[in-house]
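Here is a short briefing on one protein chain. Keep the sequence and the 3D view open while reading.

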Amino acid sequence: MSQDNAGSPVVSAADQAQEHPGDALENLLHENRRFAPTPEFAAAAVVQAGEYDDAAADAPAFWAKQARSLLSWSKDFSQTLDWSNPPFAKWFADGELNAAYNALDRHVENGLGDRVAIYFEGEPGDTRTYTYAQLTEEVKKAANAFEALGLAKGDRVAVYLPMIPEAVITLLACARIGAVHSVVFAGFSAEALRSRIDDAEAKLVVTADGTYRRGKPSALKPAVDDALQKPGHTVEHVVVVKRNGEDVAWTEGRDVWWDTTVGAASAEHTAVGHEAEHPLFILYTSGTTGRPKGILHTTGGYLTQAAYTHRAVFDLHPETDVYWCTADVGWVTGHTYVAYAPLINGATQVMYEGTPDSPHQGRWWELVEKYKVSILYTAPTAIRTFMKWGRDIPGQYDLSSIRVLGSVGEPINPEAWMWYREVIGANAGKQGQKKDHPAPIVDTWWQTETGAIMVAPLPGVTATKPGSAQVPLPGIAVDVVDEMGQPVSNGAGGYLVLREPWPSMLRGIWGDPERYKDTYWSRFETMYFAGDGAKKDDDGDVWLLGRVDDVMNISGHRLSTTEIESALVSHPSVAEAAVVGAADETTGQAVVAFVILRGSAKDDPDIVTTLRNHVGKEIGPIAKPKTILVVPELPKTRSGKIMRRLLKDIAEGREAGDATTLADSTVMSQISDSLRK
Ligand code: PRX
């Protein structure tokens with residue numbers, strides 16, 4: 001198993017059942033269970049129903065109000081939205097603010113210095129607690145240390161760290177001095193890290209000797225060393241956090257220990273305001289073409305929507321709540337809802353380094369009980385894994401503190417939604433007592449590109465429905481349209497689009513403005529095309545149906561079919577490859593690859609293992625195909641396009657569909673014959 005988008009386990013192929021959860025679409029759209037908030041919850045909720053009308057009356061004015069009430073600006077803005085050059089938006093452009101000051105210093109100045117910001121729990125069981133005052137001090141030291149290493153405003157920093165407090169400290173220290181962080185998920189390979197370092201021209205890398213996985217040390221620094229082995233990169237220094245104490249190779253003059261640089265730096269550092277549109281971070285994500293895109297987010301708009309959504313969607317009461325988002329900082333969820341929003345909002349959060357089954361399958365629930373977690377935000381793949389492990393495991397812990405449950409990353413099937421509600425949301429103690437009113441579930445739809453939540457119920461307002469993200473948030477213009485860009489009527493399906501700019505929208509793709517326009521704004525000219533299929537039900541609520549492009553969603557990880565195909569064909573034994581995402585009961589989708597081998601490779605009994613490892617090396621373990629099928633041919637149209645639809649039929653165990661447009665009509669039978677053998 002490996003860590004995924006929401007810190008959930010990706011189970012091995014052998015563990016996985018072959019059938020899809022299979023809630024037929026028709027059933028989904030006639031889902032008639034509704035769970036209204038209790039009057040008590042509704043009355044105490046931080047956001048009330050009137051907010052939708054306020055925002056609809058004047059969305060930019062609504063966001064300007066949020067920007068001023070949730071953030072402290074060192075210079076106020078005079079213009080809210082500049083949309084004079086679409087699709088390039090500017091929000092609050094002449095305002096200035098400092099992200100780290102907003103996340104830290106101001107809370108200390110407001111007398112909240114002793115409030116716990118982070119309860120950290122390492123996989124081996126070591127713990128650390130940071131108050132807001134302590135975290136502020138650490139970030140100031142890191143900011144001084146990074147500046148002493150030559151880092152200045154606008155420079156890029158690659159971050160390759162496990163889920164430890166230094167990850168949050170690094171991000172905030174970069175933001176404080178105006179450096180732009182580019183986090184690379186620690187499950188990506190040295191090759192993937194290098195291509196991201198090169199694309200962003202990073203000057204500094206922050207990493208760790210390693211981390212822990214299932215009770216054993218797991219290395220990270222060697223991947224950085226590999227990535228930087230070939231000359232031609234822009235990296236001047238590598239800051240190394242000592243986490244697991246394993247020996248590491250050392251490049252004198254380039255490598256420095258966190259403890260001796262950050263640890264020795266001064267804790268005095270004054271935050272200056274940066275322009276609202278100053279780049280905050282780049283985060284690479286997979287698209288339909290092979291090369292990952294560097295999604296660019298800027299400061300003022302991003303922080304506004306991050307803070308607003310975190311407060312509204314989770315009904316955050318920062319004085320009393322204990323919040324836990326299980327996402328890794330390597331993904332956007334770990335940026336917006338671990339590193340930024342909770343701290344901006346002055347919340348207390350839990351951070352956990354390890355996997356959910358280490359040292360036992362009750363680890364998460366033990367943590368919920370220990371820290372009295374009241375808001376839990378995780379991914380459907382984790383919930384489905386816990387379902388498989390059985391309700392007895394969470395049943396052994398007291399989860400009565402939980403009052404809001406969140407879901408993100410992929411569609412949540414109603415069966416998993418109901419389990420989440422009944423087993424986690426209704427658990428009132430160790431003896432199997434049930435709450436009268438289980439915690440509301442908020443299914444949140446958004447993307448790396450949107451920066452923050454876009455579609456979700458409000459827990460004190462919306463009557464929730466199992467499986468649906470339901471309604472656009474106040475101030476957000478979402479629609480479902482047909483091929484021609486016309487809105488579909490209730491009960492019909494189409495493509496999810498965003499009609500109006502939103503504060504935390506991506507500002508572009510790093511170094512490639514044309515690709516930004518082509519990818520998101522050309523399919524439906526004046527609307528942002530998200531790449532997701534969606535339906536509106538009879539009430540007009542939105543149901544997300546998965547990607548309509550070549551992007552796969554494996555345990556909430558976003559992977560592109562073409563990226564894995566490129567990795568496969570880069571191996572000398574592979575002549576051609578086609579990859580599809582096949583429905584999978586636990587991980588949502590699983591990677592299935594069809595390959596045509598060259599020459600003698602056909603006789604190599606280990607070729608499948610070799611190729612899986614090759615993909616692991618090129619991209620990372622998360623991208624390894626679950627299944628590789630060796631075939632004599634691939635189905636192609638006359639224009640040479642691979643018909644993935646037919647391969648998906650095979651991968652999901654169906655008869656292949658209509659093959660009349662194939663250039664060679666015998667290909668499908670050749671494939672089935674070879675697979676039978
Ligand atoms: O397909 C949608 C799916 O995840 C994609 C975005 O992936 P990423 O940029 O990695 O960000 C994931 C975390 C925000 C979307 O295009 N997705 C995300 N949330 C949901 C979802 N699909 C259905 N329901 C959701 N709640």
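Serine 182 counts as buried, because its relative accessibility is 3%, under the 20% cut-off. This serine sits in strand β7, which spans residues 180-183. The model is predicted, with a mean pLDDT of 93 for the chain.

**Around serine 182**

- Strand β7 belongs to an open sheet of 8 strands with mixed pairing.
- The strand order is β12-β11-β8-β6-β7-β14-β15-β23.
- Strand β7 runs parallel to β14 (residues 279-285), and 2 bridges link the pair.
- Histidine 181 has phenylalanine 281 of β14 as its bridge partner.
- Helix α12 (residues 332-344) packs on the sheet and touches both β7 and β14.
- The direction of α12 makes about 145° with that of β14.

**Nonpolar cores**
- The largest nonpolar core holds 159 residues.
- Phe146, Phe314, Tyr337, Tyr340 and Ile564 touch the most other members of this core.
- Helix α7 (residues 165-177) gives the core its largest share, 9 residues.
- A second, separate core has 30 residues, including Val373, Ile402, Ala416 and Trp417.
- Phenylalanine 314 has contacts beyond four places in sequence that include Thr309, Tyr323, Tyr337, Ile375, Tyr377 and Arg403.
- Val404, Gly406, Val442, Ile453 and Pro459 also touch phenylalanine 314.

**Cysteines**
- How many disulfides does a search of the whole structure find? The search finds 0.
- Cysteine 174 is in no disulfide, and the nearest cysteine sulfur, that of cysteine 325, is 20 Å away.
- Cysteine 174 counts as buried because its relative accessibility is 0%.
- Cysteine 325 is likewise in no disulfide, with the sulfur of cysteine 174 as its nearest cysteine sulfur.
- Cysteine 325 has 3% relative accessibility, so it counts as buried.

**Confidence**
- Of the chain's residues, 95% reach a pLDDT of 70 or more.
- Residues 1-24 have pLDDT below 50.
- This stretch still has 74 contacts in the model beyond near neighbours in sequence.

Methods:
Residues numbered from 1 in each chain as written. Predicted model: local features only at pLDDT ≥ 70, side-chain atom pairs only at ≥ 80, totals over all residues. Heavy atoms only, no water. Core = buried A, V, L, I, M, F, W, Y, C linked by side-chain atoms within 4.5 Å. Buried < 20%, exposed > 50% of the residue type's maximum accessible area, 1.4 Å probe, protein only. Helix = DSSP H or I, 4+ residues; strand = E, 2+ residues; numbered from the N terminus. Contact = heavy atoms within 4.5 Å. pLDDT = per-residue confidence, 0-100. Pairing = 2+ DSSP bridges. Axes fitted to C-alpha atoms, helices over the stretch in contact; angles between N-to-C directions. Disulfide = S-S within 2.5 Å.
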